[in-house]
Amino acid sequence: MSCLRHRCHPSGSAISWLGRRVVPSVKGFAMRVVVTGGAGFLGSHLCEKLLERGDQVVCVDNLSTGQWENVDRLRGYQGFGFVEADVTTDFPVFGPVDAVAHLASPASPPDYHRLPLETLAAGSRGTENALELARRNGSRFVLASTSEIYGDPLVHPQTEEYWGNVNSIGRRSVYDESKRYAEAVSMAYRRTLGVDVGVIRIFNTYGPRMRPQDGRVVTSFITQALTGTPLTIYGAGDQTRSFCYVDDLVRGIVAMIDSDAGGPVNLGNPIERTMLELAELVLRLTGSKSSLEFHPLPQDDPTRRQPDISLAGDLLGWEPRVTAEEGLARTVAWFASRPAELIAAADSVAGAQFEGHDLAAASSGMLRSA
Ligand SMILES: NC(=O)c1ccc[n+]([C@@H]2O[C@H](COP(=O)([O-])OP(=O)(O)OC[C@H]3O[C@@H](n4cnc5c(N)ncnc54)[C@H](O)[C@@H]3O)[C@@H](O)[C@H]2O)c1
């Protein structure tokens, strides 16, 4: 373990050897953390983890892709505050801030296709505003970046040194490029203004609180399996992904908040699975008799994604612990407890589950001329 925080806050309060504040900026709490995007899937788990360990949390979210249900659950914790605001505007957070975790951004393919300009704004203006909040308060700043930085990678597994193979003008570029800019401006704030910035590159993560029709393969397979509809496989299903369970990922984000590592640092589970293997595992865990339905492979769909997480091990002492069987079983249980949502989503899932591409546009050649 290295890079735990041993710094003095501008307010003069000391940081303990464990990286936690000795003299809290807010009485009764360890740290005061602003989580942008805290009403979303990852953000709500992160807020919960911070609250459980005794931090005060201010969640800033415009609920564009997040859910009230997540905010309501968090309201049960002492120390939780919610600010409904858009991070691309001058959002109101007053009082001392020890850390800012910037997660606010549409993140799933159907969301960033529906909100292309908003996605670019969240990564650019939103990141600048969140950085300014950290700069004004002398706080730690952690950017939730993404493995999409690597695009369709030509190097396996992906280390942080790899610069990526990204299409800067395709439909998914609104997400990829917004995150590339977010990384660039965060690192410039670190170098030029001395803000204590850390960048994490998150690889595919799954778990309870995902939305059934969010277009991600895990949720699509589980929804299809539980509703007895065919599981949609693109191509021959031999493309691989690696999936990290949300509890593991959140442990990594918290470790990054508590460190002074700059990164970028990959966070993800390096165990690769083909889509066919994943489909079979989901069918086994759900006991479903759903068939597999094969569709043409979308354009630009990465054939492999696998993080090299040695740096996270060295800097944060972090590695994933939850097996795919365990994590998927917990996720299946969450979805199975919400039958009405599943039934409502079942029809739209096959259309939503693509990794960021418009199949009709791809087959008509529109993307090639984009
Ligand atoms: N889930 C993953 O596998 C994954 C992988 C890589 C990176 N990430 C990153 O992690 C972050 C969270 O992803 P998620 O999966 O929880 O997505 P999500 O859509 O569930 O959460 C994003 C949250 O940000 C909020 N938001 C979006 N734009 C906003 C704005 N302008 N102002 C305020 N709030 C705004 C949404 O309402 C939502 O609550 C994103 O930055 C995403 O890029 C996630």
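These legends accompany several close-up views of the structure shown above.

This is a predicted model, in which local features need pLDDT of at least 70, side-chain atom pairs count only at pLDDT 80 or more, and totals for chains, interfaces and linings use all residues. Residues are numbered from 1 along each chain as its sequence is written.

**View 1. The shell around the ligand.** Here 29 residues surround the ligand, and the closest are Gly37, Gly40, Gly66, Ala107 and Ile202; a residue is near a molecule if its C-beta atom, placed from the backbone, lies within 6 Å of it. Two or more shell residues come from each of α1 (41–52), α4 (116–137) and β5 (140–146), with α1 giving the most, three residues. Helices (H or I, at least four residues) and strands (E, at least two) are DSSP runs, numbered from the N terminus. By class, the shell has twelve nonpolar, 14 polar and three charged residues. Nonpolar here covers Ala, Val, Leu, Ile, Met, Phe, Trp, Tyr, Cys and Pro, charged covers Asp, Glu, Lys and Arg, and the others, Gly among them, count as polar.

**View 2. The largest nonpolar core.** Look for Ala101 and Ile253, the residues with the most contacts inside this core of 83 residues. A nonpolar core is a set of buried Ala, Val, Leu, Ile, Met, Phe, Trp, Tyr and Cys residues joined through C-beta atoms within 7 Å. Its largest share, eight residues, comes from helix α7 (residues 246–258). Domain 1 (32–206 + 245–267) and domain 2 (217–241 + 272–302 + 322–363) both contribute residues, so the core lies between them; the bounds come from an automatic or database domain assignment.

**View 3. Helix α7.** Ten of the 13 residues of α7 are buried, among them Val246, Leu249 and Ile253. A residue is buried if 20 or more other C-beta atoms lie within 10 Å of its own, exposed if 12 or fewer, and partly exposed in between, with C-beta atoms placed from the backbone.

**View 4. Two cis peptide bonds.** Another joins Gly263 and Pro264, with omega about 5°; Pro264 lies in the loop between α7 and β11 (265–267).

**View 5. Positive phi at Leu63.** Although not a glycine, Leu63 has a positive phi of about 60°. You will find Leu63 in the loop between β2 (56–61) and α2 (68–75), partly exposed, with 14 other C-beta atoms within 10 Å.
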